[in-house]
Amino acid sequence: MLCGSPWHLCDHVFFIIHMETESHWILGRLNIEERRVYMYNSLSTAMKDSAAIKACQPFAVLLPHFFALFDEFKKENKPVCLDPFEVVKVDGLPQQTSNDCGCFVASFAEYFIDMKPIPPIFDVEKHRDRLAVLFYKYARMKEVEFIDSEDEAPPKGPKKNLS
């Protein structure tokens, strides 16, 4: 699905959440149909999970208001409901042993997108190396083929009036 698509056409929306007090990143996945925010935490302890759920709460509370404000519920003929979304912790995830939460967040999203189960044993070095190669290849392709992403391209000037 392309960026900028209407929200009511999306099944799932990923977002990363920085837990500033914990200096840790987690992955959030919004399931609009179920009205749930799924939390993927690679550093799961009772205290970290409590902090992660607390970090997800603003999204769970604000997103229904956002959808109501922009009439997303009406586009699907659903009743407007401003109740917060439920926050659900995803269990059985591999756990990090060092400061690798960014690699875990990217990999969790990739596994979900590819519809593959997240393996309980996770070789973070392998995933980090693979991501580095993918980013390098993407950057080289952009460089060689003179491709600009929309947000990197210079702003377009005003249209000239040819009359």
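Arg 35 is partly exposed, with a relative accessible area of 22% (buried means under 20% relative accessible area, exposed over 50%, and partly exposed in between, with a 1.4 Å probe and protein chains only). Its place is the loop between S2 and S3 (strands are DSSP runs of E with at least two residues, helices are runs of H or I with at least four, and both are numbered from the N terminus). Although Arg 35 is not a glycine, its phi is positive, at about 60°.

This is a predicted model, in which local features need pLDDT of at least 70 and side-chain atom pairs count only at pLDDT 80 or more, while totals for chains, interfaces and linings use all residues. Residues are numbered from 1 along each chain as its sequence is written, and side-chain values use heavy atoms, with hydrogens and water left out.

Where else does a residue other than glycine have a positive phi? Met 115 has one, near 55°, and sits in the loop between H3 and H4. With 76% relative accessibility, Met 115 counts as exposed. Phe 146, which follows H4, also has a positive phi, near 55°.

## The sheet

Let us turn to the strands. Four of them form an open sheet with mixed pairing, in the order S1-S2-S3-S4 (two strands pair if DSSP finds at least two bridges between them). Strand S1 (12-19) and strand S4 (86-89) are at the edges with a single partner strand each, so one side of each is left without a neighbour in the sheet. On average, neighbouring strands of this sheet are turned by 30° against each other, direction ignored (axes are lines fitted to C-alpha atoms, for helices over the stretch in contact, and angles run from 0 to 180 degrees between N-to-C directions).

Strand S3 (residues 36-40) and S4 run parallel and are joined by four bridges. Tyr 38 stands opposite Val 88 in S4.

## Helices on the sheet

Helix H1 (residues 46-69) packs on the sheet, where it touches S1, strand S2 (24-31), S3 and S4 (contact means heavy atoms within 4.5 Å). The direction of H1 makes about 130° with that of S1. Helix H3 (residues 101-113) lies across S1, S2 and S3, and runs at about 20° to S2.

## Salt bridges

How many salt bridges does a search of the whole structure find? The search gives nine (a salt bridge is a side-chain nitrogen of Lys or Arg within 4 Å of a carboxyl oxygen of Asp or Glu). Side chains of opposite charge can pair when their charged atoms come close.

Among these salt bridges is that of Glu 86 with Arg 36, whose closest N and O atoms are 2.9 Å apart. This pair links distant parts of the chain, with Glu 86 in strand S4 and Arg 36 in strand S3, 50 residues apart. Glu 34 also forms a salt bridge with Arg 36, and here the closest N and O atoms are 3.6 Å apart. Another salt bridge, between Glu 110 and Arg 130, brings the closest N and O atoms to 2.4 Å apart. Glu 110 lies in helix H3 and Arg 130 in helix H4 (residues 124-144), so the pair ties together parts that are 20 residues apart in sequence. Glu 110 is partly exposed at 26%, and Arg 130 is partly exposed at 31%. Salt bridges that share partners join Glu 34, Arg 36 and Glu 86 into one network.

## Helix H4

H4 has 21 residues, and from its first C-alpha to its last it reaches 30 Å. That is close to the 30 Å expected at 1.5 Å a residue (the expected span is 1.5 Å times one less than the number of residues).

Which residues of H4 are buried? They are Val 124, His 127, Leu 131 and Lys 142. These residues cover an arc of only 65° around the axis, which puts them on the same side of H4 (the arc is that of the directions from the helix axis to the C-beta atoms). The buried residues of H4 pack against H3. On the face turned away from the buried side, H4 carries the exposed residues Lys 126, Tyr 136, Lys 137 and Val 144.
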